[in-house]
Amino acid sequence: MSERYILLVEDNPDDEELTLLSLRKNNLAHEIVVVRDGVEAIEYLFATGQYASRDVMNAPTVILLDLKLPKLDGLGVLKRLRADDRTRSLPVVVLTSSSQDADVIASYNLGANSYVRKPVEFGAFVEAVSSLGLYWVMLNRPPPFHIS
């Protein structure tokens, strides 16, 4: 398996750029893979479609998942991940602009490991993403990934 990496599921180019800048600024991931909608996230994680040649055993260290995505929203992605034994234990951090209680509750009910609202202010955004990266990439020990 290759080095630890982050899967960023984000459709907003500005939020993507800020997230990448924040993570790279603090050297928190050697690799960050970006997918831009829910269907692409599922294809990537299950090595289907355009990602059919990807090694499915090379799982991300953590998934940063936006909720408001085209094609399949973040809750749909989370539901699909938690329904499959191969991806059930992958750490998923919902990183979204939504502060709706219903989104928070649904995310946790579907198995999110954390729910973080994206700060609007640039400095706060950088700090929040840096803190997330530090914890999930450097401190947290993810479960071993295996295909059943």
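Which helix does Thr-19 lie in? Thr-19 lies in helix 1, residues 13-25. The views below start from the whole chain and then close in on single places. The model is predicted.

**Figure 1. The whole protein has five helices and five strands.** Along the sequence, the pattern is β-α-β-α-β-α-β-α-β-α. The radius of gyration is 14 Å. The globule rule gives 15 Å for 148 residues, so the protein is as compact as a globular protein of that length. Its C-alpha trace spans about 40 × 35 × 25 Å along the principal axes. Of the 148 residues, 51% are buried. Take the contacts between residues at least 6 apart in sequence: 66% of them join residues at least 24 apart.

**Figure 2. Thr-19 is a buried residue of helix 1.** Its relative accessible area is 0%. Buried means under 20%, so Thr-19 falls in that class. What does Thr-19 touch, not counting residues up to four places away in sequence? The list is Leu-8, Leu-64, Leu-95, Phe-125 and Val-129.

**Figure 3. Helix 1 packs against helix 5 at an angle of about 55°.** Two packed helices are described by the angle between their axes and the distance between the axes. Helix 5 covers residues 122-139, and the axes of helix 1 and helix 5 are 8 Å apart. Is the pair parallel or oblique? The angle makes helix 1 oblique to helix 5. The crossing of the two is right-handed. By class, the contact of helix 1 with helix 5 has seven nonpolar, four polar and two charged residues.

**Figure 4. Helix 2 packs against helix 3 at an angle of about 20°.** Helix 2 is residues 38-45, and helix 3 is residues 74-82. Their axes are 9 Å apart. Angles under 35 degrees count as roughly parallel, and helix 2 and helix 3 are therefore roughly parallel to each other. Helix 2 passes helix 3 in a right-handed crossing. Which residues make the contact? Helix 2 gives Gly-38, Ala-41, Ile-42 and Leu-45. Helix 3 gives Val-77, Arg-80 and Leu-81. Five of these residues are nonpolar, one is polar and one is charged.

**Figure 5. Helix 2 is mostly covered.** How many of its eight residues are buried? Six are. They are Gly-38, Glu-40, Ala-41, Ile-42, Tyr-44 and Leu-45. These buried residues pack against strand 1 (5-9), strand 2 (31-35), strand 3 and helix 3.

**Figure 6. Pro-70 sits in the loop between strand 3 (62-65) and helix 3.** Is Pro-70 buried or partly exposed? Its relative accessible area is 35%, and Pro-70 is partly exposed. Pro-70 and Asp-37 are 33 residues apart in sequence. In space they are 5.3 Å apart, C-alpha to C-alpha. Pro-70 is in contact with Asp-11, Arg-36, Asp-37 and Gly-38, leaving aside its neighbours within four places in sequence. Among these, Gly-38 is also one of the buried residues of helix 2.

**Figure 7. Lys-71 has a positive phi.** Most residues other than glycine have a negative phi. For Lys-71, phi is near 70°. Where is Lys-71? Lys-71 lies in the loop between strand 3 and helix 3, where Pro-70 is also found. Its relative accessibility is 71%, and Lys-71 counts as exposed.

**Figure 8. Ala-47 also has a positive phi.** Its phi is near 50°, in a residue other than glycine. Ala-47 lies in the loop between helix 2 and strand 3. Is Ala-47 buried or exposed? At 14% relative accessibility, Ala-47 counts as buried. Lys-71, by contrast, counts as exposed.

Definitions and conventions:
Residues numbered from 1 in each chain as written. Predicted model: local features only at pLDDT ≥ 70, side-chain atom pairs only at ≥ 80, totals over all residues. Heavy atoms only, no water. Axes fitted to C-alpha atoms, helices over the stretch in contact; angles between N-to-C directions. Helix = DSSP H or I, 4+ residues; strand = E, 2+ residues; numbered from the N terminus. Parallel < 35°, antiparallel > 145°, perpendicular 65-115°, else oblique. Left-handed = near helix turned anticlockwise from the far one by under 90°. Contact = heavy atoms within 4.5 Å. Nonpolar A, V, L, I, M, F, W, Y, C, P; charged D, E, K, R; others polar. Rg over C-alpha atoms; globule rule 2.2 N^0.38 Å. Buried < 20%, exposed > 50% of the residue type's maximum accessible area, 1.4 Å probe, protein only.
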